[in-house]
Amino acid sequence: MTVRRAVGSTTRTTQYTSIMSRHPARTLLLISGSTRRGSVNSSALATAASTLPEGWQATTCSALADLPHFTPDLDGEAIPGSVRDLRTAVRAADALLFSTPEYAGTLPGALKNLLEWTIGDTVMTGKPVAWLNCSTAPGRAAGTYRTLRTVLTYTAARVVEDACLDVPVERRLIGADGVVTDADVRHRIGTSVRALTTAATRTRP
Ligand SMILES: Cc1cc2nc3c(=O)[nH]c(=O)nc-3n(C[C@H](O)[C@H](O)[C@H](O)COP(=O)(O)O)c2cc1C
């Protein structure tokens, strides 16, 4: 799986394995539920990456569009490479941060599919997880985050409640580099990241 690493304001695309051997810091895995170019949710996560505390690095999961549809028939010894890489990335992560759009009142199918692939291998068990809900829609994408919580419960991840944040992000607040420029929004996203990384550090000092 190709992942984009973000440390401070620098991002680049590289291979997951080489990141881990050269950068033994704690890792926050960022998972966006949108594959859309210019995605607001992906920008919220890129912003989160730019607020990471010392000793943390972020990897952006780009597996969403590559994964096959989940079927137990493929979940045997010869699992697809994209699934193996996803599970490796989740296993290696100290915490996971999600941000996702709502599609038709619920979680995008691609994100549900990704999460289904994590269940069989118990890679999510006990992982500290949180989300940034950056919806500006009247319903605040309540359906998608209700479903995300339900599915994460089935994965046995540990939801860090005080890191889960409603932070509306208007497109006009996103800079050309895909990161939110607004100081208040950045501060609020940073608060979520701090709560999540602190919880993860307590889990594995
Ligand atoms: C097929 C489709 C269905 C959608 N359904 C909903 C919905 O049920 N509720 C909602 O608030 N927004 C809905 N939206 C709007 C998206 O959630 C919204 O544009 C979101 O900001 C897209 O996120 P992104 O910029 O990260 O791709 C829908 C969009 C599409 C394309």
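Predicted model: local features only at pLDDT ≥ 70, side-chain atom pairs only at ≥ 80, totals over all residues.

**Entry 1: A141.** I began in the loop between β6 and α5, where A141 sits. A141 counts as buried because it has 24 C-beta neighbours inside 10 Å. My cut-offs for this: 20 or more other C-beta atoms within 10 Å of a residue's own make it buried, 12 or fewer make it exposed, anything in between is partly exposed, and C-beta atoms are placed from the backbone. A141 is not a glycine, yet its phi is positive, near 55°.

**Ground rules.** My residue numbers start from 1 along each chain as its sequence is written.

**Entry 2: the whole chain.** I counted six helices and eight strands. Along the sequence I read β-β-α-β-α-β-α-β-α-β-α-β-β-α. Of the 205 residues, 44% count as buried. Among contacts with a separation of 6 or more, 79% join residues 24 or more positions apart.

**Entry 3: C134.** I stayed in the loop between β6 (128-133) and α5 for C134. Is C134 buried or exposed? It is buried, with 26 other C-beta atoms within 10 Å. Leaving aside neighbours within four places in sequence, I found C134 in contact with V40, N41, A44, S99, V167, P168 and V169. For N41, I noted a C-alpha to C-alpha distance to C134 of 6.6 Å, across 93 residues of sequence.

**Entry 4: the ligand.** N41 came up again here. Of the 15 residues around the ligand, S34, S39, N41, P101 and A137 come nearest. I call a residue near a molecule or strand if its C-beta atom, placed from the backbone, lies within 6 Å of it. I sorted the shell by class and got six nonpolar, seven polar and two charged residues. The classes: Ala, Val, Leu, Ile, Met, Phe, Trp, Tyr, Cys and Pro are nonpolar, Asp, Glu, Lys and Arg are charged, and the others, Gly among them, are polar.

**Entry 5: α4 with α5.** The axes of α4 (residues 109-119) and α5 (residues 142-155) come within 9 Å and cross at roughly 15°. Axes are lines fitted to C-alpha atoms, for helices over the stretch in contact, and angles run from 0 to 180 degrees between N-to-C directions. So α4 and α5 are roughly parallel to each other. My scale has angles under 35 degrees as roughly parallel, over 145 as roughly antiparallel, 65 to 115 as roughly perpendicular and the rest as oblique. K112, L115, T118 and I119 of α4 make the contact with V151, Y154 and T155 of α5. I sorted these contact residues into four nonpolar, two polar and one charged.

**Entry 6: α3 with α4.** What angle do α3 and α4 make where they pack? I read about 75° between α3 (residues 81-92) and α4, with the axes 10 Å apart. That makes α3 roughly perpendicular to α4. On the α3 side I listed V83, L86, R87 and V90, which meet L114, W117 and T118 in α4. By class, this contact has five nonpolar, one polar and one charged residues.

**Entry 7: α2 with α6.** The axes of α2 (residues 40-49) and α6 (residues 183-203) come within 9 Å and cross at roughly 70°. These two helices are therefore roughly perpendicular to each other. A44, T47 and A48 in α2 meet R186, I189 and V193 in α6.

Entry 8: T153 is in helix α5 and counts as exposed, with 10 C-beta neighbours inside 10 Å. A156 lies in the loop between α5 and β7 (158-159). A156 has 14 C-beta neighbours inside 10 Å, so it counts as partly exposed. A156 has a positive phi of about 70° although it is not a glycine.

Conventions:
Helix = DSSP H or I, 4+ residues; strand = E, 2+ residues; numbered from the N terminus. Contact = placed C-beta atoms within 7 Å.
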